[in-house]
Amino acid sequence: MKFFLRRQLAVVLLFAFLLVTYHLLQEWLPWDTGGKPGTCRPTPTFIQVGGHVRNPGIFSFPEPVSIQRAIKRAGGLDSGGEIQDLWSCRKLKNGDWLRVSLNRNGQPRLRVERMMVGFLLALGSKVDVNRLSKAELARLPGISRPVAERIVKERQRCGGYRHLEELLKVKGVGPKTLKKVRPHLTVGSVGYGNH
C-alpha cells in the first residue's frame with residue numbers, strides 16, 4: 001500500500017479544509033440555503049429610479065434604502081441639483097418606483113409609486129400580497145381574475161393579510177394554489193393598497 005506524498009497530502013488536507021469551511025459558512029451566514037429550516041435568506045430590495053437622474057433604471061440593494069442613496073446609485077440628479085439631506089430619512093421599500101421631476105424653479109420633486117408587478121416577478125423578487133391590485137394578483141400562477149377579486153375583498157374585510165396561510169380562507173385558493181404562489185408572495189404593509 002502506497003502512502004501519500006507530502007504534496008498530495010497537503011492538497012487533500014487543503015481540499016478537506018475548504019469543504020468543511022464551505023459547509024460551516026452555509027450554516028452561519030445568511031445566504032440562500034435551499035429553504036432549510038432555521039436559515040435566513042436575504043432578499044434584495046429592487047428600486048426603480050426614473051425621471052431627471054443621470055442613469056435611470058432598476059437597481060438592487062441588500063436592504064431597504066434611502067431616497068438619497070437610490071438617487072446616488074442612479075448617477076445623481078441630471079439637473080446638477082443637490083441631493084437633499086432630508087432624503088436620507090425616508091426609506092424605500094422593495095418594488096418602489098422613485099420618479100424625479102423638476103418644478104418651475106428647477107428644483108427636484110419626488111414621487112414614489114409602485115413598480116409594475118411584472119418587473120418584480122421577472123427579477124425573481126417577492127411581492128407584497130397587501131400591495132397588489134386585482135389585476136396584479138391575476139398575473140400570479142394559479143390565480144384567476146375571480147379569485148383575485150375574492151382575495152382583495154377578503155383583504156379589505158380583514159384589514160390586510162398577516163400570514164400567507166390566510167389566503168386559504170379565500171374560495172378558490174387551496175393548498176396547491178398556495179404552494180404555487182408562495183415563491184412569489186410575501187406579507188407586509190398591513191392595511192396598505194386595498195384596491
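## Overall architecture

Read from one end of the sequence to the other, the protein follows the pattern α-β-β-β-α-β-β-β-α-β-α-α-α-β. Its secondary structure comes to 6 helices and 8 strands; helices (H or I, at least four residues) and strands (E, at least two) are DSSP runs, numbered from the N terminus. This is a predicted model, in which local features need pLDDT of at least 70 and side-chain atom pairs count only at pLDDT 80 or more, while totals for chains, interfaces and linings use all residues. Residues are numbered from 1 along each chain as its sequence is written, and side-chain values use heavy atoms, with hydrogens and water left out.

Buried residues make up 31% of the 195 residues in the protein. Here, buried means under 20% relative accessible area, exposed means over 50%, and partly exposed lies in between (1.4 Å probe, protein chains only).

## The four-stranded sheet

An open sheet is formed by 4 strands in the order β2-β1-β5-β6, and its pairing is mixed. Two strands are taken to pair if DSSP finds at least two bridges between them. The edge strands, β2 (57–61) and β6 (108–114), each pair on one side only. Neighbouring strands of this sheet are turned by 25° against each other on average, direction ignored; axes are lines fitted to C-alpha atoms, for helices over the stretch in contact, and angles run from 0 to 180 degrees between N-to-C directions. Strands of a sheet pair through backbone hydrogen bonds, either parallel or antiparallel.

Both senses of pairing involve β1. Strand β1 (residues 45–51) and strand β5 (residues 96–102) run parallel and are joined by 4 bridges; the bridge partner of Gly51 in β5 is Val100. With β2, strand β1 pairs in the antiparallel sense over 5 bridges, and the bridge partner of Val49 in β2 is Gly57. A hairpin through 5 residues joins β1 to β2.

## A buried helix residue

Helix α2 (residues 67–73) contains Ile71. Ile71 counts as buried, at 0% relative accessibility. The C-alpha atoms of Ile71 and Val49 are separated by 7.1 Å, although the two residues are 22 residues apart along the chain.

## Salt bridges

The structure holds 7 salt bridges, a salt bridge being a side-chain nitrogen of Lys or Arg within 4 Å of a carboxyl oxygen of Asp or Glu. Side chains of opposite charge can pair when their charged atoms come close. One of the salt bridges brings together the side chains of Glu63 and Arg69 (2.6 Å, N to O). Glu63 is partly exposed at 33% relative accessibility, and Arg69 is partly exposed with a relative accessible area of 37%. Another is formed by Asp96 and Arg131, whose closest N and O atoms are 3.0 Å apart. Asp96 lies in strand β5 and Arg131 in the loop between β7 (127–128) and α4 (134–137), so the pair ties together parts that are 35 residues apart in sequence. Asp96 counts as buried at 5% relative accessibility, and Arg131 counts as buried at 9%.

Arg99 forms a salt bridge with Glu113, the closest N and O atoms being 3.3 Å apart. This pair links distant parts of the chain, with Arg99 in strand β5 and Glu113 in strand β6, 14 residues apart. Arg99 is partly exposed, with a relative accessible area of 32%, and Glu113 is partly exposed at 23% relative accessibility.

## Nonpolar surface patch

Ile58, Met116, Phe119 and Leu123 make a nonpolar surface patch of about 340 Å². Patches are made of residues with over 30% relative accessible area and no salt bridge, where like charges are joined within 9 Å and nonpolar side chains (Val, Leu, Ile, Met, Phe, Trp, Tyr) within 5 Å. Accessible areas come from the Shrake-Rupley method with a 1.4 Å probe, and for residues only the protein chains shown count as cover. Ile58 has its place in strand β2 and is partly exposed, with a relative accessible area of 36%.

## Cysteines

The structure holds 0 disulfides, a disulfide being a pair of cysteine sulfur atoms within 2.5 Å. Cys89 counts as exposed at 62% relative accessibility, whereas Cys158 is partly exposed with a relative accessible area of 24%.
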